[in-house]
Every structure is written in structure tokens, then in C-alpha cells.
There are 2 protein chains.
Amino acid sequence: MVGFWHRLGTKGKALYSATLSPPFSSPLTLPHIWVPTQTPNRPLSSGFHRATGQTRSAAEIMSGKPIAKDIKLRVAAEISRMKAAIGRLPGLAMVLVGYREDSHAYVHIKLKACNEVGIETSIVQLPQDCTQDRLIDVVSSFNSNPSVHGIIVQLPLPEHLDEETIINFVSPEKDVDGFHPLNMGNLALRGREPLFIPCAPKACIELLLRYRVEIIGKNAVVIGRSKIAGLSTSLLLQRHHATVSTLHSFTNNPEQIIRRADIVVSDVGIPNIVRCDWLMPGAVVVDMGTNSVKDPNSPRGFRTTGDVCYEEAIKVVSAITPVPGGVGPVVISMLLSNTLDSAKRAYGFT
Amino acid sequence: MVGFWHRLGTKGKALYSATLSPPFSSPLTLPHIWVPTQTPNRPLSSGFHRATGQTRSAAEIMSGKPIAKDIKLRVAAEISRMKAAIGRLPGLAMVLVGYREDSHAYVHIKLKACNEVGIETSIVQLPQDCTQDRLIDVVSSFNSNPSVHGIIVQLPLPEHLDEETIINFVSPEKDVDGFHPLNMGNLALRGREPLFIPCAPKACIELLLRYRVEIIGKNAVVIGRSKIAGLSTSLLLQRHHATVSTLHSFTNNPEQIIRRADIVVSDVGIPNIVRCDWLMPGAVVVDMGTNSVKDPNSPRGFRTTGDVCYEEAIKVVSAITPVPGGVGPVVISMLLSNTLDSAKRAYGFT
């Protein structure tokens, strides 16, 4: 099959460049990043574990905690440098409508993380029955506030509010979630750079790169196509030159397609739906599911689990993210990173 | 596997709706459209030929000509109605930089088609060495001209001009090519509707629907990921709930993936690269390639051919678009349709 791609290679330089530079360079993906010390001899280009010829007795657990910690340290250092140089801090604004336990938990985590690195935060909480105009007013005021560099409208919104319309009102320059269609279009279009990459796919790629998983040319399957995670991860993996198949509720026999994948990303929202016999031996799994399941042994009465049956999968795969402690912490650190990037752009600080 | 999707079905109504309405309803996709008369008894939901149990001795040739003719007639009728009602016509502006034989041929085809249906056209041709500012001036003047409802910057541009910047300047309301990142983002995001769907993917879906090819849940492979055709076709097929895999120059063993596809869309630009042993028996092939190959028997010295080895493929597949006469004519008619839609929006004419 070399002939096929050799011929393709003559088509154009942009699509078929042999040397791949990172699609998105940020201070956080420059050299000297944290990488797992237990795999010092696995070069970035060595491919999957099974391809290295190394005998592995168990799957590598791709913890997100050390990566998140590293990113937070680097964001905090940059914020200190910015404060010292121009006397400004990044600002993140969050808008909540009504009360949802999960939304409040997420907002709490974000607040705590912002506080750790020195990002100023504002929260506006509106009543469950607030009007669309009132919500748009709040978003507009954040759009025009020069101290606010990132705006998050916590989803999901109550049903009487139109999520698309609200998101359209968030200034693309402050859309740190990356959900604005302009940012999504620039993510889809190679050669263009979105102002913000959504945090979940950014975290997924960061995990793969830091654990030295080769992406180029690998068969990747993304299960689910939400804009928050699945869709945008498909687009970003494709920018990294994976061959991406996107699965969803209309897919027939999903396990047949998943079983051929080198990289499996799950964004389903159903605990333990991906079983070990769906996974190719040696595959790399990134589990984006965050599902609460009842657990009488837990002090809170429930525990968090992913989409992938972890206990089964670790016997089959070469690497897997745990839930909790996998993608989640990295997602939060990416939000901090996006907010910092936005503030730097706003102040022209480099 | 029913259980898998049954459980998924509980997740949310938007993603998992069982009753699918067309992602984009336009007057051109309403009932009473032209459909091939030779297949009167093949209901839209019957799936592929091989699934109907009908004995087929040869592949169905999915000609685009009758579809294009039908669309043109409908566009012309709408334009007459608009002219009679409000005394206005749609206007399409084209900008050409320098001289390229293929670009001029495309522009010629577009001009001819516009003339047939009653769309006014303006063309500005700038010299090969024109400055970026001059090109932006021209685009801006079309943006502010109320008689212009569609703007086409004929690609590719000379290398000294930045294509992305120019396309960003085209007003999204007049971006009948659908290449603006805002339109592309709205195409990627289910639940949103782009103002314009790029003409090539729109033509691809139109061909599949009119030839009663079921898309939902089918394994579709798109070979190539250009914004003009491959990328946007992947996104549109996904909106129609196909399970889409996008192949490109970094894909390993592409034939293995193509061989499992119910629907194969090719956007490679290399004549005859897709051979019959790459295709699953009974697959449906949409060939978007438009390649010139030398042909001493042709009066022009060359002929146009697709990416798929047609003579081989017709022995294997259940349906295939010819080149020329397949996707091409429908693409042009979609440009007319997009321009009409834009004029109707601009004048508030329904």
C-alpha cells in the first residue's frame, strides 16, 4: 500500500506533509513537560506498547493527575509573570441557571482550580425560570467587561432556554469552552487555528502525547459525538492525522468497529458499556465517561465510574485512563490554560 | 447488540431520536422531487440493493444529470415567482485571480448555469500578482452590494494570497460555497443549521437520497478530507447518522477500511486509485474525483475520469456515480440553489 500514499503524497504540501508540527502549539505543550518517568526509553515515535516489543505484564494506567499538576504549575507561573509585568490577572466568568447538583459540583471544581493558579472568577447564578433575555444580558455584560477573559455558560440549561442562541452570544474571543460554531469550524478546518480548543479533546490529546502514544496513522474510534467531547475529539484526532471513525447510537455492531481500533475514546455516558471483548489487545483507551453509580460502601452512597469496564479492560489494553483521575483533572487544567491564553491575547502579553 | 443502543437511547432526545427529520430542509428536497423511474418500488427505507433481495445483474448508474435538471427547473421556477412578486433576481458574484485553465472552465460552467435559471452574475478578474488588499477590497464591495447574494472566490488562489484570510472576509450571509468557518462549524454541530452547506457534500447526499440509498446507520468511508468535498461530506453524512470513517494520506491499509464500507465517497484527485478489490460487493460509490487524463482519441486530447476505476467497480458495486455526469452537474445545481436561498433570505421572500 506504500504506492497508494506515495501517489497521494504528490497532491499537495499542506495535506501530505511528512513532517508534522503540533497542530496547536501552546506554552503547555513545549518541551520540558511532565512525562511519566517509568517509561524513559519509549520515544514519542515508537508507537504502541505492543509495537515496541517490550513485554508488558499489565496495562499502563494513564493517570491525569500528574499532568494536571504540571499544567497548573506552568499556568500559575505564567500568571505570576503576567502580574509582575503588567499588573493584570486572567478572569473567568461562570453563569449558572437554576440548581443542578452536578453543575454545582463542576463549578466548585473549576473555582477551586482557578483559585490555585491565580485566576479571578465571577459567578452569576440566575433562577431556574430566568428569561432568555436576562441570561443574554448577563453574557453580554461579561462580553464587554475587559477584566473577563473567559465565559462559561454551565450546561445543560433549563429546557425553556435555547442553548445554541446563548452560546452564539458568547464572544468567540472569550469562548474558553470552545463551543462557539466559529471555534468549532476553525477546529474542523485544517490549516486554521481556533482561538480555543474545547477542553475535553485537548485533554485527550495531551494525555496521549504525554504518555507517548503515537497518533499519526492510527485507527481511532470515538464513541459518541457530543460537541463537548466526542465530536470535537474526532476533529482534533483527525488534525493529528489519526484515521477517525465516529460511532453513535445509529451505528450497527459498534463492537466490530471498536475491535479494530488502536485508540478508543469513549464519550457515551453509560457505566461499563465498553467490555473487554470489544477491545483489540494492546489498544489504548481514553475513557471520557463520568458516570455516578450507586455504591453502598462509599460514604457518599455513590462512586464515579467511566464508560469502559476498567477491571476487564486493563487485562487487554496496553494503556488506559482511570475514572476518576484520568481525563477529568486534565480537562480542568485545560480550562485554566485556555483562560490564560485568552488573557494573554487580550493584553498582548507574550 | 440491541441492548447497547437501547441503553444509549435513554441518554438524550436530540442525539437518539428514532424519527429523523431531514437535517436540512429546502424547497429542493421536498416531496415531488425527481427520482429514478426505473426503481419505483424501492422504498427509501429499504436499504441497499443487496438487502432488498432483488436480483441485480449490474450496478445502477447514479447519473446526476436528471437530478441537476430537476433542481434547475425548480430553481428557475422559484426565481420567476420571486421576480413576479418583488421584482428582484438573485445575484452571484465571482472573483478570479490570474489565469488557470481549470478555474476558467469552472467559472464558465457556473455562468452558463446561472444564465439558464435567471441568476444575475458579476465577475471580477484580477491580475495574477494582485495584492491581498485589492482582493479584499473586491470581496468587501460585493459584501456591501445588496444585489449580490452569493460570492465565490475561485480557488486555488496564487500562493502569495492567504486563502483563509480572504474566505474570512466573505460575509457568512453570502458564503454560498459554505467554506466560511462559521458555516463549517454549524455544519459540524448537530442541532445547528449552517446558512449554506458546501455544494459538493450537498450534491453527494442529494444523489444518495434520490437514488433511495439508506444512509442511517450505514458504514460510510470518505477518502480525502478537503474542505471543499471530503471533510464537509464526512460531517454531512454524520448528520444523516451514517457511521463515518475519514481516510487520508496517513491512513494505513486504507483498502481494509474501504472494503467494509456500505457507502464509499472518494475525494482523492487521482484517477483510478480505488480498485474493485477495495470495494465490498454491493457497496454504493459516490465518486467526487474530477481528473483529467490524456486521451489521444478525444478531440481535446484528454478526458475526465474519477478516482474510482469505473470499469472494475460496476461489476462489484450496487450503485455508482459516473464521471463525468455524476456528482458534477448536481454540485453546480446546488450552487444555484444556495444562491436562490440567500436571495430569498435577503429579501425575506418565502
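**Ground rules.** I number residues from 1 along each chain as its sequence is written, and chains are lettered from A and ligands numbered from 1 in the order in which they are written. In this predicted model, local features need pLDDT of at least 70, side-chain atom pairs count only at pLDDT 80 or more, and totals for chains, interfaces and linings use all residues, while side-chain values use heavy atoms, with hydrogens and water left out.

**Entry 1: the interface.** I looked up which residues touch, taking contact as heavy atoms within 4.5 Å. I found 56 residues of chain B in contact with 57 residues of chain A. The size of an interface is often given as the accessible area lost when the parts come together. Here the buried area (accessible area, 1.4 Å probe, that two parts lose on being put together, summed over both) is about 5200 Å². Carbon and sulfur atoms give 59% of that area.

Entry 2: I looked for salt bridges (a side-chain nitrogen of Lys or Arg within 4 Å of a carboxyl oxygen of Asp or Glu). The rule finds two across the interface. One of them joins Arg192(B) to Glu164(A), with the closest N and O atoms 2.9 Å apart. I then looked up polar contacts, which are pairs of N or O atoms within 3.5 Å; within protein, one must be able to donate a hydrogen and the other to accept it, and residues adjacent in sequence count only if both atoms are side-chain atoms. Across the interface there are 19 residue pairs in polar contact, both residues at pLDDT 80 or more.

**Entry 3: what chain B supplies.** Helices (H or I, at least four residues) and strands (E, at least two) are DSSP runs, numbered from the N terminus. Elements of chain B that each supply at least two residues to the side touching chain A include helix H1 (2-8), helix H7 (163-169) and strand E5 (219-223). H8(B) gives the most, with six residues. I sorted this side of chain B by class and got 28 nonpolar, 17 polar and eleven charged residues. In this sorting, Ala, Val, Leu, Ile, Met, Phe, Trp, Tyr, Cys and Pro count as nonpolar, Asp, Glu, Lys and Arg as charged, and the others, Gly among them, as polar.

Entry 4: Two strands pair if DSSP finds at least two bridges between them. E6 of chain A (residues 243-247) is joined to E6(B) by three bridges, and the two run antiparallel. Within this pair, Val244(A) stands opposite Thr246(B). E1(A) runs parallel to strand E11 (residues 319-320) of chain A, with two bridges between them. There Glu60(A) has Ala319(A) as its bridge partner.

**Entry 5: symmetry.** I superposed the copies by least squares on the C-alpha atoms of residues with pLDDT of at least 70 in both. Chain B can be laid on chain A with an RMSD of 0.0 Å by a turn of 180° and a shift of 0.0 Å along the axis. The two copies are thus related as by a two-fold rotation axis. Of the interface residues of chain B, 98% are also interface residues in chain A, so the copies meet through the same surface.
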